[in-house]
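Take a walk through this fold, from the whole chain down to single contacts. Keep the sequence and the model side by side.

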Amino acid sequence: MAMVFINKAVLMQYAYSMTLLTFQQGVTTLLIHCGRVMGYTKAKGINFATAKKLILVSLFYNANVAFALASLKGVNIPMYIAIKRLTPLAVLVAGFFSGKGRPSTQVTLSVILTAAGVVVAALGDFSFDLVGYSMALTSVFFQTMYLVLVEKSGAEDGLSSIEIMFYNSFLSLPFLLFLIIVTGEFPNSLTVLFAKSTLSFSVIVILSLVMGIVLNYTMFLCTIVNSALTTTIVGVLKGVGSTTLGFFMLGGVEVHALNVTGLAINTAGGLWYSYAKYQQKKNKPPKLISDVESHGR
């Protein structure tokens with residue numbers, strides 16, 4: 001829950017989101033490599049066949065995170081969480097057109113309710129920022145592509161959560177370094193970073209890096225050890241608390257009845273979706289269920 005608030009706090013003072021993501025992925029790669037060399041982890045070395053299989057997954061994953069961070073500059077936290085809940089709807093649409101078949105009635109209605117809540121909430125959002133909303137919706141698109149690719153490639157098969165993290169971070173570094181140079185973030189982002197090197201700012205930047213690494217690890221671990229369904233249910237419950245706190249923290253939100261109503265509808269849709277997937281899980285053998293649409297971040 002704290003992750004989105006810390007990222008928002010950092011981006012309110014430091015606008016270079018892609019540089020932050022590059023640092024996070026670089027630190028992750030270095031830590032896992034050192035852990036493997038020193039014997040603290042059993043993660044295997046780089047296999048080029050595996051790397052080739054995961055490169056598109058890594059690119060879409062990092063595009064999702066980059067646009068999500070960029071959207072936090074202009075979108076308040078409750079609306080950000082509401083927009084990100086559109087991912088299951090996007091995955092269902094993508095699955096339908098790729099021949100996956102029709103989802104259950106409850107799942108379909110729940111994601112429609114979630115989407116309707118976003119529209120209603122946006123109509124009452126006094127802080128509406130077109131660029132921020134566009135960034136968040138683009139993040140939803142890339143997250144959808146990431147999940148669809150994971151399902152089609154079977155990218156997680158035979159890999160531990162540490163190994164998935166390593167490949168994801170390692171493969172993303174050339175792409176991210178290219179982006180921060182082409183967009184002009186580098187080297188100005190480093191100059192600004194050193195200029196803002198106060199104790200309070202340094203603490204929240206370090207927290208952002210550490211919590212980003214921990215979040216990625218726990219997300220992959222939860223999905224591998226339990227299921228994507230479990231990850232989603234935890235995410236929805238976390239989102240309820242984040243939405244509530246987002247009205248009051250980091251400057252709060254200008255409250256409007258339409259905005260609050262829309263967010264309530266969106267949250268109800270998210271909870272209904274989790275319940276529908278839980279019921280689906282109970283009524284079918286676990287191995288027969290492809291649950292990629294439940295893998296929202």
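Predicted model: local features only at pLDDT ≥ 70, side-chain atom pairs only at ≥ 80, totals over all residues.

Residues are numbered from 1 along each chain as its sequence is written, and side-chain values use heavy atoms, with hydrogens and water left out.

Start with the whole chain. The protein chain has twelve helices and zero strands. Helices (H or I, at least four residues) and strands (E, at least two) are DSSP runs, numbered from the N terminus. In sequence order the pattern reads α-α-α-α-α-α-α-α-α-α-α-α. How much of the chain is buried? Of its 297 residues, 47% count as buried. Buried means under 20% relative accessible area, exposed means over 50%, and partly exposed is in between (1.4 Å probe, protein chains only).

Now the helix pairs. Axes here are lines fitted to C-alpha atoms, for helices over the stretch in contact, and angles run from 0 to 180 degrees between N-to-C directions. Angles under 35 degrees count as roughly parallel, over 145 as roughly antiparallel, 65 to 115 as roughly perpendicular and the rest as oblique. For handedness, a crossing is left-handed if the near helix is turned anticlockwise from the far one by less than a right angle, and right-handed if clockwise. For residue classes, Ala, Val, Leu, Ile, Met, Phe, Trp, Tyr, Cys and Pro count as nonpolar, Asp, Glu, Lys and Arg as charged, and the others, Gly among them, as polar.

Begin with α2, residues 17–37. Its axis comes within 9 Å of that of α3, and the two cross at roughly 135°. The two helices are therefore oblique to each other. The crossing is right-handed. On the α2 side, the contact uses S17, M18, L21 and Q25; on the α3 side, Y61, N62, V65, A66, L69 and A70. Seven of these residues are nonpolar, three are polar and none is charged.

Helix α3 (residues 48–71) also packs on helix α8 (residues 161–182). Their axes lie 8 Å apart, at an angle of about 65°. So α3 is roughly perpendicular to α8. This crossing, too, is right-handed. From α3 come T50, A51, L54, I55, S58, L59, Y61 and N62; from α8 come Y167, N168, L171, S172, F175 and L176. The contact of α3 with α8 has nine nonpolar, five polar and no charged residues.

The next pair is α4 (residues 77–84) and α6 (residues 105–123). They pack at about 155°, with axes 9 Å apart. That angle makes α4 roughly antiparallel to α6. Here the crossing is left-handed. M79, A82 and I83 of α4 meet V118, A121 and A122 of α6. By class, this contact has six nonpolar, no polar and no charged residues.

Turn to the aromatic rings. Rings of Phe, Tyr and Trp (its six-membered ring) pair if their centres lie within 6.5 Å; planes under 30 degrees apart count as stacked, over 60 as edge-to-face and the rest as tilted. The count comes to seven aromatic pairs. Why is the pair of F141 and F142 edge-to-face? Their ring centres are 5.3 Å apart and their planes stand at 65°, so the pair falls in that class. F141 is partly exposed, at 46% relative accessible area. F142 is buried, at 17%. Ring pairs also tie F141 and F142 to F60 and F67 in a cluster.

Next, a peptide bond to inspect. F186 and P187 are joined by a cis peptide bond, with omega about 10°. P187 sits in the loop between α8 and α9 (188–195).

Finish on helix α10, residues 199–225. M211 lies in this helix and is partly exposed, at 25% relative accessibility. M211 and I6 are 205 residues apart in sequence, yet 9.0 Å apart in space, C-alpha to C-alpha. T218 is also found in α10. T218 is partly exposed, at 36%. Between T218 and S161 there are 57 residues of sequence separation and 8.2 Å in space, C-alpha to C-alpha.

Terms used. Contact = heavy atoms within 4.5 Å.
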